[in-house]
Amino acid sequence: MSVEQRDADNPELNARFFLVWIGRIAEAIAEEKDRLTDLDAAIGDGDHGTNLNRGFTAVRAALEAKQPESPGAVLVTVGGTLISTVGGASGPLYGTVFRRMGKALGEAESVTVQDLAAAFEAGLEGLCKLGGANVGDKTMVDVFAPAVDAFKSAAGDGASAERSAFNLAADVAEAGARETIPRRARKGRASYLGERSEGHEDPGAASAALIWRALAQTAAAG
Amino acid sequence: MKKLINAPESVVADALEGLSFAHPELSVDLERRFVRRAGTPTAGKTALVSGGGSGHEPLHAGFVGFGMLDAACAGEVFTSPVPDQMLAAAQSVHAGAGVLFLVKNYTGDVLNFQLAAELLDDEGIESRTVLIDDDVAVEDSLYTAGRRGTGATLFAEKIAGALAERGGDLATVAAMAEQVNANSRSFGIALGPCTTPAAGRPGFQLAEDEVELGIGIHGEPGRRRAPMAPASELAEQAVDAVCTDLDFTGDAMVLVNGMGASPLLELYVVYNEVHRALEKRGVRIVRNLVGNYVTSLDMPGFSVTLCRAGEDMLELWDAPVRTPALRWGA
């Protein structure tokens with residue numbers, strides 16, 4: 001593979017890439033706010049969209065003010081801001097994912113897809129440790145776990161076109177969100193409903209899928 | 001749905017500002033959204049800090065004052081506060097003897113208080129956390145987030161607060177809060193849903209002839225639906241659920257709590273039935289509270305909380321308290 005081809009196939013994962021990704025997440029959350037809130041109203045208390053929208057609005061302001069210059073610094077700022085502004089369970093959980101990812105990426109100005117895959121693994125580990133959820137509990141872990149696996153395998157050793165890894169992970173993420181529909185919630189507020197939580201998509205899984213799709217779109221455009 | 005608000009986004013801030021004018025004995029940090037006793041914390045006193053989503057008033061800010069909490073953090077409606085608030089509140093009332101966090105067992109509250117405790121530890125301030133999980137409606141704790149914290153929060157905040165006021169150290173006060181929680185059980189029934197300001201529409205639908213059994217305090221649907229029935233039968237169901245879970249034979253403190261939109265007239269009707277149902281079971285009510293204490297916005301309905309009362313707990317319950325929502329003897 002020539003150098004030109006590699007450049008065309010693989011986006012450069014610098015601070016700008018991550019800022020665009022976060023911006024796309026913020027847009028997606030704002031657009032899907034009502035859908036997320038409706039999903040939450042069915043099996044929770046109906047504020048997931050509002051809370052995340054408040055968080056990502058604050059994230060945009062924080063990134064604007066701080067102008068972080070490395071991928072790691074971008075994600076640490078995102079995580080810290082979410083923890084400080086969202087509240088509920090999703091604030092600490094999403095905040096931990098982004099903070100762990102940011103710390104894993106360190107201070108490098110540009111990272112590889114393999115670095116990003118490893119960062120996602122670190123984020124997922126933090127998420128599972130803090131929330132205590134396993135795959136199948138009808139939470140955002142049902143999206144993150146398979147998406148991180150798929151992304152890591154597809155990213156491989158960097159020999160093949162990596163852009164497809166982003167798309168594949170987003171597809172797996174969306175499938176993971178859909179698969180929460182028949183499940184019975186075992187964590188979070190929806191778990192109080194017992195069998196009545198079945199038949200509804202988990203709002204945290206739905207917002208997690210938006211994050212992965214936003215990443216794929218950023219890679220496609222970059 | 002009509003609401004007495006200016007805008008959904010400003011509800012919590014506007015209410016906190018109102019609270020600050022209504023209660024000059026409290027100090028309200030409008031920016032960091034916590035309420036504390038005005039003045040300097042008493043040196044060497046164990047600090048009690050609680051908090052949670054807004055919409056449960058008077059819980060928690062209404063229980064800040066002499067004999068109860070030192071500070072309370074207010075989250076968005078039905079949303080846990082963030083660690084920054086808890087850290088700021090804890091730092092502002094810490095008086096050299098550590099901080100006890102009293103936390104209702106909901107995933108969001110637990111996670112945010114956990115992060116706050118870590119931050120506080122970084123600052124070199126010792127803290128303990130006691131989870132309140134008294135709601136018997138959540139049956140299978142292996143496959144759920146565990147039992148929710150509801151009415152027992154009031155008992156724990158009052159009794160542990162009194163002990164802290166007397167100079168109880170952090171470990172002793174935490175142990176007392178745990179003891180209160182271990183001896184308390186609750187069950188709630190809703191006649192209808194509640195409406196959050198942000199959503200503007202009810203959280204679930206309930207037919208005219210239905211009630212929701214085993215509700216929490218966030219407008220989430222309960223465990224199951226049942227036909228509407230006279231107060232005597234509804235009270236019997238709540239008392240039965242509570243007494244099936246724990247043997248309350250003997251002396252007990254009772255809270256008949258309104259969920260926010262049921263008139264006191266009806267709550268006293270319920271109390272009458274609860275009294276009867278307990279008497280039948282050999283439970284003697286030695287202290288009681290009837291009113292709106294742990295609410296769920298504008299939800300019609302009630303919850304019953306029982307607490308097995310030992311001599312030590314009763315004495316602490318009777319100790320002077322001076323807060324916006326609970327005051328006697330002081």
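**View 1. The two domains of chain B.** Chain B is split into domain 1 (11-183) and domain 2 (184-308), with bounds that come from an automatic or database domain assignment. The model is predicted: local features need pLDDT of at least 70, side-chain atom pairs count only at pLDDT 80 or more, and totals for chains, interfaces and linings use all residues. Residues are numbered from 1 along each chain as its sequence is written, while chains are lettered from A and ligands numbered from 1 in the order in which they are written. Between the C-alpha centres of the two domains of chain B there are 23 Å.

**View 2. Where domain 1 of chain B meets domain 2.** Here 22 residues of domain 1 of chain B are in contact with 30 residues of domain 2 of chain B; contact means that the C-beta atoms of two residues, placed from the backbone, lie within 7 Å. On the domain 1 side, helix H4 (152-165) and helix H5 (170-182) of chain B each supply at least two residues. H4(B) gives the largest share of that side, 4 residues. Helices (H or I, at least four residues) and strands (E, at least two) are DSSP runs, numbered from the N terminus. The domain 1 side comprises 11 nonpolar, 7 polar and 4 charged residues. Ala, Val, Leu, Ile, Met, Phe, Trp, Tyr, Cys and Pro count as nonpolar, Asp, Glu, Lys and Arg as charged, and the others, Gly among them, as polar.

**View 3. Helix H4 of chain B.** The 14 residues of H4(B) should span 20 Å at 1.5 Å a residue, and the end C-alpha atoms of H4(B) are 20 Å apart, which agrees. The expected span is 1.5 Å times one less than the number of residues. Of the 14 residues of H4(B), 14 are buried, that is, 20 or more other C-beta atoms lie within 10 Å of their own, with C-beta atoms placed from the backbone. B:Gly167, which follows H4(B), has a positive phi near 100 degrees. B:Ile159 touches B:Met176, B:Val180, B:Met313, B:Leu316 and B:Trp317, leaving aside residues up to four places away in sequence.

**View 4. The side of chain B that touches chain A.** In this view, 30 residues of chain B are in contact with 27 residues of chain A. Strand S4 (71-77), helix H2 (83-93) and helix H3 (107-122) of chain B each supply at least two residues of the chain B side. The largest share of that side, 5 residues, comes from H3(B). By class, the chain B side has 13 nonpolar, 12 polar and 5 charged residues.

Definitions and conventions:
Buried ≥ 20, exposed ≤ 12 C-beta atoms within 10 Å, placed from the backbone.
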